[in-house]
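These are my notebook entries on one structure, set down for a reader who is new to it. The sequence and model come first, and the entries follow.

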Amino acid sequence: YSLDSFCIPKHYEDDLESVLIPYGVIHDRIERIAKDIFTDFGKEPLVAICVLKGGYKFYTDLIDKINSLNRNQGERSVPLSVDFIRLRSYQNDKSVGTIEVIGGDNMESVKGKNVLVVEDIIDTGRTMMKLLGLLEEFQPKCVKVASLLLKRQPASNGYIPEYCGFEIPDKFVVGYALDFNERFRDLHHICVVNNNGINKYKV
Ligand code: 5GP
Ligand code: MG
Ligand code: MG
């Protein structure tokens, strides 16, 4: 969508090419994913792990909607516990190749539990494969992944999440907690950065 149709903060006005997914659409899609998760996990406790920082908005919106189903569906509800892990793999718009775990909870809490990993975007799939390998060591009962975005990426390792919000073209996107060198997380919609934005914020 053209930027003119949306409210964009003044400080990002010149840095974006287009709005790819407006917040309202994100919101509706998450409502549906929450319903699918609620249906699939039944009454069993679920450990929901947020992959920081990019996953934080998707995570809070998703958990809010699952909680709302928990309150309103009567017969059954999914007991939730929350956990966080922080990974870093990107500088500028390129993966630096190595994936670091730079903080998070003690993962012992996943032993014997159903686990839902909540991630912002899957690009090559390498970050997720690394994280899933790491989690396996703590012997969860089962692990499923919800990723808001999945890139159509020729270099993908073929990994597909159980729950996916949107498949997107192979462009660098920001907003709704996704960053370019820590910028744009405060943008409401998911947008495509332009060259001006890249040159302004590259390191
Ligand atoms: P992968 O290991 O799948 O190649 O990359 C996954 C991570 O790279 C994501 O969790 C995210 O942090 C970052 N990433 C990949 N593509 C994009 C993108 O288009 N925009 C942003 N902001 N981050 C991305
Ligand atoms: Mg991420
Ligand atoms: Mg990032």
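Which residue of β9 is the bridge partner of V174? I looked it up and found C191.

**Entry 1: conventions.** I work from a predicted model, in which local features need pLDDT of at least 70, side-chain atom pairs count only at pLDDT 80 or more, and totals for chains, interfaces and linings use all residues. Residues are numbered from 1 along each chain as its sequence is written, while chains are lettered from A and ligands numbered from 1 in the order in which they are written. Helices (H or I, at least four residues) and strands (E, at least two) are DSSP runs, numbered from the N terminus.

**Entry 2: the open sheet.** Strand β9 covers residues 190–193 and is joined to β8 by two bridges, the two strands running antiparallel. Two strands count as paired if DSSP finds at least two bridges between them. I noted an open sheet of three strands, ordered β1-β9-β8, with antiparallel pairing. Its edge strands are β1 (16–21) and β8, each of which pairs on one side only.

**Entry 3: the loop between β8 and β9.** I checked two residues here for their backbone angles. Y176 lies in this loop, and its phi is near 50°, a positive value in a residue other than glycine. F184 is placed in the loop between β8 and β9 as well; its phi is positive, about 75°, although F184 is not a glycine. Are these residues buried or exposed? Y176 counts as buried because it has 26 C-beta neighbours inside 10 Å. F184 is buried too, with 24 other C-beta atoms within 10 Å. The cut-offs I used are 20 or more other C-beta atoms within 10 Å of a residue's own for buried, 12 or fewer for exposed, and partly exposed in between, with C-beta atoms placed from the backbone.

Entry 4: Strand β2 (residues 46–52) has six of its seven residues buried, so it is largely enclosed by the rest of the structure. β2 pairs with β5 in the parallel sense over five bridges, and A48 has L116 as its bridge partner in β5. Leaving out residues up to four places away in sequence, I49 touches D83, F84, I85, V115, L116, V117 and V118; contact requires C-beta atoms, placed from the backbone, within 7 Å.

**Entry 5: from β2 to α2.** The peptide bond from L52 to K53 is cis, with omega near -5°. K53 is found in the loop between β2 and α2. The buried residues of α2 (residues 56–72) are K57, F58, Y59, D61, L62 and I66. After α2 comes G74, whose phi is positive, near 70°.

**Entry 6: ligand 1.** How many residues surround ligand 1? I found 19, and the closest are D123, T124, R126, T127 and L178; a residue is near the ligand if its C-beta atom, placed from the backbone, lies within 6 Å of it. At least two residues of this shell come from each of β3 (80–91), β5 (114–122), α3 (126–136) and β8 (173–174). β5 gives the most, with four residues.

Terms used: The expected span of a helix is 1.5 Å times one less than its number of residues. Two residues are in contact if their C-beta atoms, placed from the backbone, lie within 7 Å.
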